[in-house]
Each structure stands twice: as C-alpha cells, then as structure tokens.
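Here is a friendly briefing to read alongside your viewer. Take a look at the fold as a whole, and then we will settle on one helix and its surroundings.

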Amino acid sequence: MGHYIQTGAASKRVAGPRPDHAARASGTRFRLLALLPVLWLAAAAPLRADAVLQTPHVRIVHAPESKHRAERIAAMTPAIIADLQRQLGLSFTIRPTVVPAPNREAFYQLGGRPWFTAFAVPRKQLVVLDMSRLDRPAGDIYTTLKHEYAHLALHQAIARRRLPRWLDEGTAQWASDGLSEYLPTTQRALLPQAAAAGRLFDLDDLAETFPEDGQGLQLAYEQSRSFVNYLVRRFGDDALRLLLQSLSAGASPREAFEVSLDIRLADVEAEWRESLRGPGSWLAGLAGQVYGLLFFAAALATVGAYWRFRQRKRLYRAGEDEEDEP
Ligand SMILES: [Zn+2]
C-alpha cells in the first residue's frame, strides 16, 4: 500500500509549472514550447477547450461556448495572412493554431503574463489571445491577430539568429498599425524622455531579449516600433521588405543593412537617435504627453465641477437664507 497522498482537484489545476515569462518576453528562446503540452493539460479542465474549428487557413481551439468568436477569427484570418504577405514581402505558409482564452485566468494558465493581451509561439505556430481584453472594440481582435501572425511569419521566413528581437517586434508593430501585445505599465510614452536624457537602450542590447521590468520592457517595445518606423520613413517600406528578404536569404543583420539599405546598422541607429533629439522632437515629446494632458484636462474638469458645485451650494444656501428671512 505504502503512503498514498490524496491530491485534491485544486492541486491538479496547478500541475503545470509556471512558464518562464522572461523567456517568452524575450520572444527569442521560446523555452515555453517545452512546457506547452503540460500547460495545455493544466488549462484543459478550467477552459473546457475541447472544441476545434478547422479551416484551410487556421485551427482554433476554443471553449464550446466561444463558437462565435472562433468563427470570427476563422473568417478574418485569410485576409490578414494575405495582407501580411504583401506588407512583409516574405514567402511564408502559416496555418496558425489560435487559442482564444475566455478569461485572464485561462490566459495565465496557457502562459500569458500580466500586461499582455496575447502572445505567439512561432515554432508551434501558436497564438494565444486574452479575449477578456480584446472583445471591445472588435477591431482589436483583427489587429492583435495580425500582430501575432506577423511574428509567426517573420520567424518562419527568417532564422532566429538572424532576426533581432527589436526588428521582430518593431516590424510586427509596423504591420499592425503600431499595436503591440504589451499594455504599458504607465500611460505616458517613455521614449521622448529617455531619448532626451540619453537613456535609450542600444539596439544590440535588445537583439536577444527584452528587459523584464515594466518600464524597461515598455521602452524596449517603444524603441522597436520607433526604429522600424524610422527605417520606413527614411528608406521606404520597399526597403524594409528588401531588408527582411535578405535576412530570409541568410544575411546577418549587419550584412542585410549594408546590402539592402546601403548603410551600416550602427549609422542608421545613430541617425535615428539624432532624429529623436532633433527639430520636431518636441512634437514627439508632446505626443508622449497626450495622455498626461488628458489626465490634466480630466483633473481640471473635476476641479471645475467641484467649483460649480460649491457655487451652486452657496447660491442654494443664499436661497435658503432668503427663505428663512421672512
Ligand atoms: Zn509583438
């Protein structure tokens, strides 16, 4: 008989180890891959994700009650993939598996992190969405899927060692209208101040992994987007496609910049840093302050409302006094 220790349902639900968030945040090593089958089993019970919707373009594993979501995802996928093929100029044939997690708990159990709305595991062609953060507005689902599919496409076309993390993330944001899967910890853009204070990361330091702390991670996401947008503004989107194509053909990032853009990566990086400080950077700084201004406006409105309330109260009291007079 020996010792038999009863394990309750609760312990079964935490059977899977917590995923290594840092690994997935880096988006590079995807050590999570090894854990996925375990996580999936762990998540299977609370998710009851036993329904699968398959089309020639996508496979959606979903809770039975989320059939309508699965159908929406299936319907939008072919157009997103076609759009990415055109935008990225790469040949890839992805048929993603999408898991729309119905709530935060399920998202975490599948390996999602706080402050993320989705994540992709390229070698599994897997995309996990936190539907609790994406249902409204509806456009969010389309753009988030596009962002995650972009990661899958880039990784399929370009070997991992030739795809710097900043280019992976920056290109995915460029392809999805600037959206990322990371919800910033602060409402304000960190880039303008970091650039002004000379506190930007070297792109080299963002090639393998991103920082793990909230502010560092946010700045890494902003820098990636800003640098790729700068490339497109300065050289055109055809040049970005050429760059991706030469990486896909086997060039290193340094070679790819020299071959397709005729400039050294270090020189473009220096130019980009300069552009963040140069004329017009005050505008970027202002854009970064928009949220701050909105909060300020909201605060003013509150003060204004309070002042009007005081006024009204005073008038009311005056009225009362008048009534008391006779
Ligand atoms: Zn991303």
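Helices here are DSSP runs of H or I with at least four residues, and strands are runs of E with at least two, numbered from the N terminus. On that basis, this predicted model has 13 helices and 5 strands in its chain.

**The chain overall**
- The chain has 326 residues, and 37% of them count as buried.
- Of the contacts between residues at least 6 apart in sequence, 66% join residues at least 24 apart.

**Helix α11 and its buried face**
- Helix α11 covers residues 253–261, and its buried residues are Pro-253, Ala-256, Phe-257, Ser-260 and Leu-261.
- Looking down the axis of α11, these buried residues fall within an arc of 100°, so they line one face of the helix.
- The packing partners of the buried residues of α11 are α9 (214–235), α10 (237–248) and α12 (265–277).
- Just after α11 comes Asp-262, which takes a positive phi of about 60°.

**How α10 meets α11**
- The axes of α10 and α11 are 9 Å apart, and the two helices pack at an angle of about 135°.
- That angle makes α10 oblique to α11, and the crossing is right-handed.
- On the α10 side, the contact is made by Ala-239, Leu-242, Leu-243, Ser-246 and Leu-247.
- On the α11 side, Pro-253, Ala-256, Phe-257, Val-259, Ser-260 and Leu-261 take part.
- By class, this contact of α10 with α11 has 9 nonpolar and 2 polar residues, with no charged residues.

Note on methods:
Residues numbered from 1 in each chain as written. Predicted model: local features only at pLDDT ≥ 70, side-chain atom pairs only at ≥ 80, totals over all residues. Buried ≥ 20, exposed ≤ 12 C-beta atoms within 10 Å, placed from the backbone. Contact = placed C-beta atoms within 7 Å. Arc of directions from axis to C-beta. Axes fitted to C-alpha atoms, helices over the stretch in contact; angles between N-to-C directions. Parallel < 35°, antiparallel > 145°, perpendicular 65-115°, else oblique. Left-handed = near helix turned anticlockwise from the far one by under 90°. Nonpolar A, V, L, I, M, F, W, Y, C, P; charged D, E, K, R; others polar.
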